[in-house]
Amino acid sequence: IDPTLDLVAEIDRLRKERNAVILAHYYQEGEIQDLADFVGDSLDLSRKAAATDADMIVFCGVRFMGEVAKILSPSKLVVIPDSEAGCSLEESCRPEPFRAFREKHPDHIAVTYINCSAEVKALSDVIVTSSNAEAIISQLPADRPILFAPDRHLGAYMQKKTGRDMTLWPGSCIIHEQFSEKELVKLKVRHPKALVAAHPECPDSILNHADHVGSTRNILDFVLASSAKEFIIATEQHIIHQMSKAAPDKTFIPAPGADGGCSCSNCPFMARNTLEKIYLCLKNDAPAITVPEDLRVAALKPLERMLEMSK
Ligand code: CIZ
């Protein structure tokens, strides 16, 4: 790429030329969030993907999110800036062991977190995000046990919130798992007025110190509505970009890892996306997401159930 190219202007030109919509997750770099047409969590963004009349969707997030957009909007060209932008939760739950897990528990309803592959979605009864998991689980028949995959911390939190009988898949997110309870307690001592807002992908040892637990969207709403001025944020740190923009008078501190610093909350998969790669994927129509039609139809069913149950 010509280093003198104004990437933001070029992305803008190509977006209009291609009738493209740029979707960005809250966990993307601030400069990517700022140029997106919509910024949100995976639930908001999948709704946008389902409703768009654009010809092309540029999904700035991780691969499974682009895959969801393609499953919901098969006639659109869906591109992602980097095909290597994976997810540790997706990796922790491969289709074959998941199929065996299901077969071992034939009477269970398989509730699967959206952070998984299309193959695992296709083997599930209903998909959830952290924004709608509690509402969806509460609507499921009370006499049926639940299999929850792949995030065991979100599953354990849902078990506590809903009182439902659940068998948990042993997966976790490399980001949320790295926060340190010891360092968090030290940070709270230094900032006694700060409220802790944590994502339910965090282990119990972190959630036990939280004043508020919620999805990205929910944490964002919480800090904006709160009269407190200082917050410790226990999720991927780039959500703080939206918080600081909406409430510049408030202070947001990323929760610490074992070294006391905040580098642990920078998702290496989300960080693969850059302005250069967004420009290139708009220009080259690649990397494009493809999902075989039989798999797409099978994965669509539990996703549509999710959209229906979270209205
Ligand atoms: O659902 C999402 O977008 C993720 C990964 C987290 C959240 O809480 O929004």
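**Contacts, core and domains**

Take the contacts in the protein between residues at least 6 apart in sequence: 63% of them join residues at least 24 apart. The model is predicted. It contains 15 helices and twelve strands.

Overall dimensions come next. Along the principal axes, the C-alpha atoms fill a box of roughly 50 × 50 × 30 Å. The radius of gyration is 19 Å, which agrees with a compact globule, because a chain of 311 residues would then have a value near 19 Å. Of those 311 residues, 47% count as buried.

The largest nonpolar core has 92 residues. Leu23, Val58 and Ala234 have the most contacts inside this core. Helix H4, residues 63–72, gives the most to the core, with six residues. Val58 shows what such contacts look like. Leaving out residues up to four places away in sequence, Val58 touches Ala20, Ile22, Leu23, Val79, Ile278, Cys281 and Leu282.

Then the domains. The domain assignment puts 7–85 and 270–290 in domain 1. Domain 2 covers 89–173, and domain 3 covers 176–265. The C-alpha centres of domain 1 and domain 3 lie 27 Å apart. Eleven residues from domain 1 and eight residues from domain 3 take part in the contact. On the domain 1 side, helix H2 (30–35) and strand E2 (38–40) are the elements that give two or more residues. The residues on this side of domain 1 divide into four nonpolar, four polar and three charged.

Technical notes
Residues are numbered from 1 along each chain as its sequence is written. This is a predicted model: local features need pLDDT of at least 70, side-chain atom pairs count only at pLDDT 80 or more; totals for chains, interfaces and linings use all residues. Domain bounds come from an automatic or database domain assignment. Two residues are in contact if their C-beta atoms, placed from the backbone, lie within 7 Å. Helices (H or I, at least four residues) and strands (E, at least two) are DSSP runs, numbered from the N terminus. Ala, Val, Leu, Ile, Met, Phe, Trp, Tyr, Cys and Pro count as nonpolar, Asp, Glu, Lys and Arg as charged, and the others, Gly among them, as polar. A nonpolar core is a set of buried Ala, Val, Leu, Ile, Met, Phe, Trp, Tyr and Cys residues joined through C-beta atoms within 7 Å. A residue is buried if 20 or more other C-beta atoms lie within 10 Å of its own, exposed if 12 or fewer, and partly exposed in between; C-beta atoms are placed from the backbone. The radius of gyration is taken over C-alpha atoms; the globule rule is 2.2 Å times the number of residues to the power 0.38.
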